[in-house]
Amino acid sequence: MSTSPSPAPDLVPVPIRVLLPGDQEVVARLWAKRQVIDGWLYEVGLPAYRNGPGDSVEPAEYRVWVRAPQHVRPVDGVSYDDVPTEYLPKPNVVDQVLGPRRPSGWVMVKAGGRGPDRGGVVHAVDCEEAPAGAPVLTLERALDVAQQPGVRLCSLCGAAAELDPVLKGFDHGFESGE
């Protein structure tokens with residue numbers, strides 16, 4: 001049985017319809033709402049029974065977080081305004097200005113063949129050419145791998161543009177024509 005912290009004494013859960021597997025529906029109690037990146041989760045208390053002392057059976061509540069609106073429906077005439085709600089934090093100014101950023105890290109795709117010079121390609125972790133599930137390399141490890149014979153940096157995903165200046169020095173390409 002799921003356990004939740006004891007609710008505040010003045011917290012009164014409100015009824016909500018919960019859609020169960022097998023096209024069943026039950027009226028439960030809504031305890032809290034939580035915003036997540038891809039939507040909302042609702043903490044609902046489903047009515048149940050549990051075994052009590054001896055051979056007794058007593059009413060109980062099973063609490064679980066369910067997706068909204070996929071697994072819940074409002075009850076007509078019920079206000080959900082006072083349900084405790086946890087919102088995602090607002091993005092900081094930098095994130096708002098820059099927008100979504102690519103994940104960090106690199107992956108290595110080894111070339112076929114045998115021997116120490118078989119080479120391969122280093123990709124950014126989100127490159128469409130990068131294999132799914134490949135171990136993610138740190139900057140230091142990606143630089144070590146990039147210096148091995150036969151290894152090249154992918155120009156499609158920008159691994160070359162990101163790692164070449166570190167490998168060759170930031171002044172590379174700005175030398176005077178002397």
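Visitor: How many aromatic pairs are there by this rule?
Guide: In this predicted model, the count comes to one aromatic pair, formed by W40 and Y87, whose rings lie 5.7 Å apart centre to centre with 85 degrees between the planes, an edge-to-face arrangement.

Visitor: And which parts does the pair tie together?
Guide: W40 belongs to strand β3 (residues 39-51) while Y87 sits in the loop between β6 (85-86) and α1, so the pair links parts that are 47 residues apart in sequence.

Visitor: What about Y87, buried or exposed?
Guide: Y87 counts as exposed, at 57% relative accessibility, whereas W40 is partly exposed, with a relative accessible area of 26%.

Visitor: Switching topic, how many disulfides does the structure hold?
Guide: The structure holds zero disulfides.

Visitor: Which rings have a charged end of an arginine sitting over them?
Guide: The charged end of R34 sits over the ring of W65, 4.1 Å from its centre, and the charged end of R63 sits over the ring of W31, 3.7 Å from its centre.

Visitor: Last one, which residues form the nonpolar patch on the surface?
Guide: That patch is formed by V93, V94, V97 and L98, which together have about 410 Å² of accessible area. L98 lies in helix α1 (residues 93-98) and is exposed, with a relative accessible area of 54%.

How values were computed:
Residues are numbered from 1 along each chain as its sequence is written. This is a predicted model: local features need pLDDT of at least 70, side-chain atom pairs count only at pLDDT 80 or more; totals for chains, interfaces and linings use all residues. Side-chain values use heavy atoms; hydrogens and water are left out. Patches are made of residues with over 30% relative accessible area and no salt bridge: like charges are joined within 9 Å, nonpolar side chains (Val, Leu, Ile, Met, Phe, Trp, Tyr) within 5 Å. Accessible areas come from the Shrake-Rupley method with a 1.4 Å probe; for residues, only the protein chains shown count as cover. A salt bridge is a side-chain nitrogen of Lys or Arg within 4 Å of a carboxyl oxygen of Asp or Glu. Helices (H or I, at least four residues) and strands (E, at least two) are DSSP runs, numbered from the N terminus. Buried means under 20% relative accessible area, exposed over 50%, partly exposed in between (1.4 Å probe, protein chains only). A disulfide is a pair of cysteine sulfur atoms within 2.5 Å. Rings of Phe, Tyr and Trp (its six-membered ring) pair if their centres lie within 6.5 Å; planes under 30 degrees apart count as stacked, over 60 as edge-to-face and the rest as tilted. A charge sits over a ring if NZ of Lys or CZ of Arg is within 6 Å of the ring centre and within 35 degrees of the ring normal.
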